[in-house]
Amino acid sequence: MGIRTILHYPDKRLREVGKRVEVVTPEIQKLVDDMAETMYAAPGVGLAATQIGVALAIFVIDTAADGEPSAFRVFINPEIVQKDGEITWNEGCLSFPEVHEEIDRAASVKVRAQDRDGKWFELEADDLLAVAIQHELDHLNGVLMIDHMGPLKKRIVHRQMQKRADEHASA
Ligand code: NI
């Protein structure tokens, strides 16, 4: 299937919770490959399965800057087992084009997940990678960046995204 369509807020499918992947089958691996292709084409730093309408606990991340070697990682059934410190990051999201928000996150996390081969691993991450992991994990819980905003900004962004969706629907 290759590049998938990324859902934009307020699409209700973004509120679905990513269900546990029981077995990492070739179909799951194909999904992971499509997610990578979709993320790079966007381009984005991370993509959760729920953002392409697949309610499974999977996300992919590549935090490498332009010109740096790939830092591509796959997280299946991810779980944060430890959090430390605090960091504020100006975040964006492929499901909220042109929207940015300063969000408080843990500065470092330890995450446990399965890779593309179904092998369990543990990873300690900080800075952008830690932020990206927490952002994508939010997606798998149906939590979106708008949920981290204050009431005024929330209303503005909701209206802006609704208007965008209406324009696309009538185009
Ligand atoms: Ni996002």
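Which helix does Asp127 lie in? In this predicted model, Asp127 belongs to α2, the helix covering residues 127-140.

**View 1. Asp127 and its positive phi.** Here we're looking at Asp127 in helix α2. Its phi sits near 50°, a positive value in a residue that isn't glycine. Relative accessibility comes to 43%, so Asp127 counts as partly exposed.

**View 2. Asn77, a positive phi in a strand.** Asn77 is part of β3, which runs over residues 73-84. Phi for Asn77 is near 55°, again positive in a residue other than glycine. Asn77 is buried, because its relative accessible area is 5% and the cut-off for buried is under 20%.

**View 3. Ser95 and its surroundings.** Ser95 turns up in the loop that links β4 (87-91) with β5 (101-105). At 0% relative accessibility, Ser95 is classed as buried. Its side chain makes a polar contact of 2.9 Å with the side chain of Gln51. Setting aside neighbours within four places in sequence, the residues in contact with Ser95 are Ile6, Leu7, His8, Tyr9, Leu14, Gln51, His139 and Met161.

**View 4. The cis bond at Tyr9 and Pro10.** Tyr9, one of the residues Ser95 is in contact with, is joined to Pro10 by a cis peptide bond. Omega for that bond is about 10°. As for where to find Pro10, look in the segment before α1 (26-41).

**View 5. The cis bond at Ala42 and Pro43.** Ala42 and Pro43 are also linked by a cis peptide bond, with omega at about -10°. Pro43 sits in the loop between α1 and β1 (46-48).

Key:
Residues numbered from 1 in each chain as written. Predicted model: local features only at pLDDT ≥ 70, side-chain atom pairs only at ≥ 80, totals over all residues. Heavy atoms only, no water. Helix = DSSP H or I, 4+ residues; strand = E, 2+ residues; numbered from the N terminus. Buried < 20%, exposed > 50% of the residue type's maximum accessible area, 1.4 Å probe, protein only. Polar contact = N/O pair within 3.5 Å; in protein donor to acceptor, adjacent residues only side chain to side chain. Contact = heavy atoms within 4.5 Å.
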